[in-house]
Structure formats: C-alpha cells, structure tokens
Amino acid sequence: MATVRTTGNTLKRILTEIKAISPEGNHKESLAAKYIISQYKKYETTEQLHCRAKEEMQFTARTYLCYLQSVRQHKELSELYKGGGERSVRQTADMVGFKLPHDPK
C-alpha cells in the first residue's frame, strides 16, 4: 500500500509538470490541476484502511506523471535538435567532403 508521503510526493510532481507546460504559469487554476486534486481528495484514505481504488489511483497518477515528464522532455529535445531547414547542394557537398564539378581541384 502506498504511503501518504508517496501520495503527496506524486501529487506535487504532477503539479510541477503541469506548471512547466502551462503557458501562463498559473497551474492551480487549470482544469487539469483541479481535476487531479479532486481525485486525490476523493480517494484519500487513512493508513489503517486498505482500499483497492486508492492503489489504482496511485498507479494511474504515476502513469500520468510519467506521461507528463515524457511530453516535456520530448518537447525540450525537439527544440534542441530541430533541423535548420534544407541545405544547399554546396553545403551538403562540403559537409561530406565532396567537391562540386565546377570547383577547382
């Protein structure tokens, strides 16, 4: 069974990821954040109570956290390694070490 500390940590990390992708930076007002917090409150249990729905919620929360992190990392990598557009024939030939026919030897 997940502990209360793990539950709070997962929620905090999900809200951090939502904040990172939120354009205004106001993640607490977003519908996603409100929904996630309401689901956490709905399935809140004490440490003495064993609840299958709570465990399912934890699994879903960790899966959603992984998804949010992956989307953010993909966006960062895409921006980092995006192409610079098409190269000219001359640039391509210079890049691979060839000389064009009209170049002097």
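A salt bridge here is a side-chain nitrogen of Lys or Arg within 4 Å of a carboxyl oxygen of Asp or Glu. By that rule, the structure holds 3 salt bridges. This is a predicted model, so local features need pLDDT of at least 70 and side-chain atom pairs count only at pLDDT 80 or more, while totals for chains, interfaces and linings use all residues. Residues are numbered from 1 along each chain as its sequence is written, and side-chain values use heavy atoms, with hydrogens and water left out.

**Figure 1. The whole chain, for orientation.** There are 4 helices and 0 strands in the chain, giving the pattern α-α-α-α along the sequence. Helices (H or I, at least four residues) and strands (E, at least two) are DSSP runs, numbered from the N terminus. Of the 105 residues, 22% are buried; buried means under 20% relative accessible area, exposed over 50%, and partly exposed in between (1.4 Å probe, protein chains only). The accessible surface comes to about 8,700 Å², and carbon and sulfur atoms own 56% of that. Those areas come from the Shrake-Rupley method with a 1.4 Å probe; for residues, only the protein chains shown count as cover. Take the contacts (heavy atoms within 4.5 Å): among those between residues at least 6 apart in sequence, 54% join residues at least 24 apart.

**Figure 2. R72 reaches across to E17.** The closest N and O atoms of this salt bridge are 2.7 Å apart. R72 sits in helix α3 (residues 52–81) and E17 in helix α1, so the pair ties together parts that are 55 residues apart in sequence. E17 is buried, at 7% relative accessible area, whereas R72 is partly exposed at 21%.

**Figure 3. R72 also pairs with E76.** Here the closest N and O atoms of the salt bridge are 3.3 Å apart. R72 and E76 are 4 residues apart in helix α3, so about one helical turn separates them. E76 is partly exposed, with a relative accessible area of 46%.

**Figure 4. E79 and K82 make another salt bridge.** Their closest N and O atoms lie 4.0 Å apart. E79 counts as exposed at 51% relative accessibility, and K82 is exposed too, at 57%. Back at the other pairs, salt bridges that share partners join E17, R72 and E76 into one network.

**Figure 5. L15 in helix α1.** L15 lies in helix α1 (residues 4–21) and counts as buried, because its relative accessibility is 17%. The C-alpha atoms of L15 and I37 are separated by 9.2 Å, with the two residues 22 apart along the chain.
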